[in-house]
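Hello,

Here is the structure I promised to pass on to you. Please open it beside this email, and then read on for what was found in it.

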Amino acid sequence: MTDQTTDGTVRLFSPGRVNLIGEHTDYSGGLVLPMALGVGITIEGTVTPGVVALRSDAVADEVHIELPVGSGVDEPAGWGRVIAPLLEELGLGADRGLTASLSSNLPPASGLSSSSAVSCGLALALAGRGSSWDLDRMALAGACQRAEIAATGVNIGIMDQAAIVVPGPGEALLLDCDTLATEPVRLPDGLEVLVVHSGVYRQLESSQYNDRAASAAELTRRLGPLRSVDLATVEALDDEVLRRRGRHIVTENARVLEMIEVFDRGDVARAGAILDEGHRSLAVDYETSNDEVDAMVARVRATPGVLGARLTGGGFGGSLVAFCEPGTELDVDTWWTRAAPAGGARFLD
Ligand code: GLA
């Protein structure tokens, strides 16, 4: 059963994501703990066999693609470039198609995965409610990850797509990026999550991101799977940059495991401290922060009631995640929101 609804209409919501801890660990088979946000992309349209026609309230360009793609006539550019690889990954033929409008309540270039929310949402809309892709959400995440890599050349891991399509409502997602095993994680009572724009807008900078992914691959080549490597082994590396990159990955994987433990025992103060340590590691060892972002982290961290804060996502700008006591208010000029795990992409109606 791959039909959308009997009248061919499609309505679905695809969320943005925030990563609580486990940053830049996914592409070396590490641990991550993201959650789906209540803000994201809404897709509304109809099934139109042979055509993908999309417009969005967030970008001016419209996408119009005749299927099958690849005739070379209107090879899509811009945000439409993910469509062809998506169709290929999903194994969908020219009998599929979609005419839809997309609306977003996610701030753009915010490090909250708006582009993966689009690709995952479109994949689900194209595959259809009840399709094998709808039913096997981790397989869908992998297909979207590969399609995005093909479209952008940025060698991303699977965290964002998994966070967007897999979790149930009320659940953060512990994901082992080696085995793809998942566990639902509940946030402890007495802890609220804030997501705050750093004020630095960015698109994932491909050169810097791919440089970090290449360092992780080189570390794996030298030391074996990084999940099993201890800190002493990393500290013994003669290459200073690789030593710092490796130190971040090894300690960050440990921070994910510790976060699960402190959530279990409801130690919200320690949960905040883990975010602080995670930020220091990103700033000093992995070098994905910058002065403006560090200043914003310090400002949010100094707010009464805030328990810890760090840069979240790919970095070089984007958003912060903070843990705080319930009801904490921020005094910042940028976009911010309280966030609870809202569940993965879903058909509406
Ligand atoms: C981006 C990528 C993810 C992940 C994060 C950093 O969001 O898409 O795969 O690597 O950066 O944790």
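The chain splits into domain 1 (9-186) and domain 2 (192-339), with bounds taken from an automatic or database domain assignment. Please keep in mind that this is a predicted model, in which local features need pLDDT of at least 70, side-chain atom pairs count only at pLDDT 80 or more, and totals for chains, interfaces and linings use all residues. Residues are numbered from 1 along each chain as its sequence is written, and side-chain values use heavy atoms, with hydrogens and water left out.

Let's begin with how the domains meet. Their C-alpha centres are 24 Å apart. In domain 1, 35 residues are in contact with 44 residues of domain 2 (contact means heavy atoms within 4.5 Å). About 3000 Å² is buried between the two domains, and carbon and sulfur atoms give 68% of it; buried area is the accessible area (1.4 Å probe) that two parts lose on being put together, summed over both. On the domain 1 side, I21, E23 and H24 lose the most area to domain 2, together 22% of what that side buries.

The rule finds two salt bridges across this interface (a side-chain nitrogen of Lys or Arg within 4 Å of a carboxyl oxygen of Asp or Glu). D176 and R227 form a salt bridge, with their closest N and O atoms 3.0 Å apart.

Now for the ligand. Where does the ligand lie relative to domain 1 and domain 2? It lies between them, because both domains give residues to the shell around it. Among the residues that surround the ligand are R17, Y27, M159, Y209 and G314.

An oxygen atom of the ligand is 2.6 Å from a side-chain N or O atom of E23. For D160, again through a side-chain N or O atom, the distance to a ligand oxygen is 2.8 Å. G157 uses a backbone N or O atom instead, 3.0 Å from an oxygen atom of the ligand.

Happy exploring!

How values were computed:
Near = heavy atom within 4 Å. Polar contact = N/O pair within 3.5 Å; in protein donor to acceptor, adjacent residues only side chain to side chain.
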